[in-house]
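Please look over the sequence and the structure below. The paragraphs after them go from the whole chain down to single residues.

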Amino acid sequence: MKCILIANRGEIAARIIRTCKKMDIKTIAIYSEADQLAPYVSMADESYLIGGNQVNESYMNMDKIFQIAKEHEVDGIHPGYGFMSENSTFAKKCEEEGITFIGPSGSVMEQMGDKITARNMMEKVGVPIAKGTTEAIPTLEEAKEIAKKIGYPVMLKASAGGGGIGMQVVHDEQTLKTAFENNTKRAQMFFGNGAMYMEKYIGDARHIEIQLLADQHGNVVHFFERECSIQRRNQKVIEEARAIYISESTRNKMATIAVEAIKKIGYTNAGTMEFLVDKDENFYFLEMNTRIQVEHPVTEEITGYDLIEQQIRIARGETLSFNQSDITAQNHSIEVRIYAEDPTTFFPSPGTITTYVEPNDPNVRMESAVTEGYQVTPFYDPMIAKVIVTKENRHEAIKHLIGTLQNYKIEGIKTNIPMILSVLHDKAFQEGAITIHYVEQHV
């Protein structure tokens, strides 16, 4: 693979370009009109305007992406996360065009992309799932009957959902009508598929995920787990590796089940199996992310492996050059996502960054999408950077991260740094007493 097109933008595009340079692979970036001055554009060997500001005009414009890829004789396409990364049609189109998609096959992605299908598949291969439906719920009346059988509270979910869209906890029949109708409409609008399903709501749960790699020769390994319970609006804000407040035996069991499951379904490349873990350490399948994750740096930091490099090597057909016993974890790593948003309401805060000074510290890894003078637009996800701190233990990592964020200067827009600092200072967080409801209960 000599030339890779990055079908993405921002910090993940920059991250992929860095690894490609290390591997002596030519990079082609694409950018929208709004992203002309984004830092990643000048980092790539070549960059091309893909279209207008809206995602359907640019980063989701499949025809234009393939036009550029073919014009410049691209060998592979790395989708990053978001946009085309979990679009099975896009992955299949790559196969048809003779371009390597750096990710799983389109057929496996299609199965995992539909939450109902994925849930049923996981149950068949031995992954624990929460009590719930195995098919889409066609009507409100059937939803009411199912909720009675499962028992309130229940979690209503969009089968094609992601990013917390089309998902809602329902505590009684009175609120089920509004929840079912509204989430069906939202799912149809965002994903073109309004199918809903239902699960028993798992209260006071942690969100724990297992990082996996599988080559095309049947070899599968895990890179331990990540703690991702600190979320706002069902989207992660703080991620850690490892999840030290869950017993070693439970973590090992989760990893073993995840590895065996993706072997059985024929999954290849990088993927993440996500679980909800209750207070008794029972764990239940949440979803399979068929792409590199936003939070992959914390895993890289504790293991020393470049996951983007491994993705490319697997896509080239290489056999994993290591086995499970070679992968060890050292230190503790914490990532925080910096959003251009109001720290109280979480509403986006677009505008011009008038001052931007990143921390200059060997213990801090920055994954940034902006510079001073950069215009944060309302067209895309408001995440502008990730700050990753790795120290010998969690206490030291938290302490160092607090100092780092206090010295991270971003002016001209609002950011969520004050919210993150309030979490890092909180005793409950410092003692690991966290669940997916931490933010709404403590912040």
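The model is predicted, so to speak of local features a pLDDT of at least 70 is needed, side-chain atom pairs count only at pLDDT 80 or more, and totals for chains, interfaces and linings use all residues. Residues are numbered from 1 along each chain as its sequence is written, and side-chain values use heavy atoms, with hydrogens and water left out.

Next comes the overall build. The protein has 15 helices and 20 strands; these are DSSP runs numbered from the N terminus, with helices being H or I of at least four residues and strands being E of at least two. The radius of gyration is 21 Å, close to the 22 Å that the globule rule gives for 443 residues, so the protein is as compact as a globular protein of that length. That radius is taken over C-alpha atoms, and the rule is 2.2 Å times the number of residues to the power 0.38. Along the principal axes, the C-alpha trace spans about 60 × 50 × 45 Å.

How much of the protein is buried? Buried residues make up 58% of the 443 residues, where buried means under 20% relative accessible area, exposed means over 50%, and partly exposed lies in between (1.4 Å probe, protein chains only). The protein exposes about 17,900 Å², and carbon and sulfur atoms supply 47% of that area. Such areas come from the Shrake-Rupley method with a 1.4 Å probe, and for residues only the protein chains shown count as cover. Among contacts with a separation of 6 or more, 65% are between residues 24 or more positions apart; a contact means heavy atoms within 4.5 Å.

The cysteines are the next topic. A disulfide is a pair of cysteine sulfur atoms within 2.5 Å, and by this rule the count is zero. For C20, the closest cysteine sulfur is in C3, 9.1 Å away, which is too far for a bond. C20 is buried at 0% relative accessibility, and C228 is also buried, at 0%.

Some details of the backbone follow. A cis peptide bond joins Y152 and P153, with omega about 0°. P153 lies in the loop between helix 7 (140–150) and strand 6 (154–158). Another cis peptide bond runs from A241 to R242, with omega near 5°, and R242 lies in the loop between strand 11 (235–241) and helix 9 (248–265).

F224 is not a glycine, yet its phi is positive, near 65°. This residue is in strand 10 (residues 220–232) and is buried, with a relative accessible area of 13%. E281 is not a glycine either and has a positive phi of about 65°. E281 sits in the loop between strand 12 (269–277) and strand 13 (283–289), and at 24% relative accessibility it counts as partly exposed.

Which residues does M43 touch, not counting those up to four places away in sequence? They are A14, I17, R18 and K21. M43 is in helix 2 (residues 39–43) and is partly exposed at 29% relative accessibility. M43 and A14 are 29 residues apart along the chain, and their C-alpha atoms are separated by 7.0 Å.
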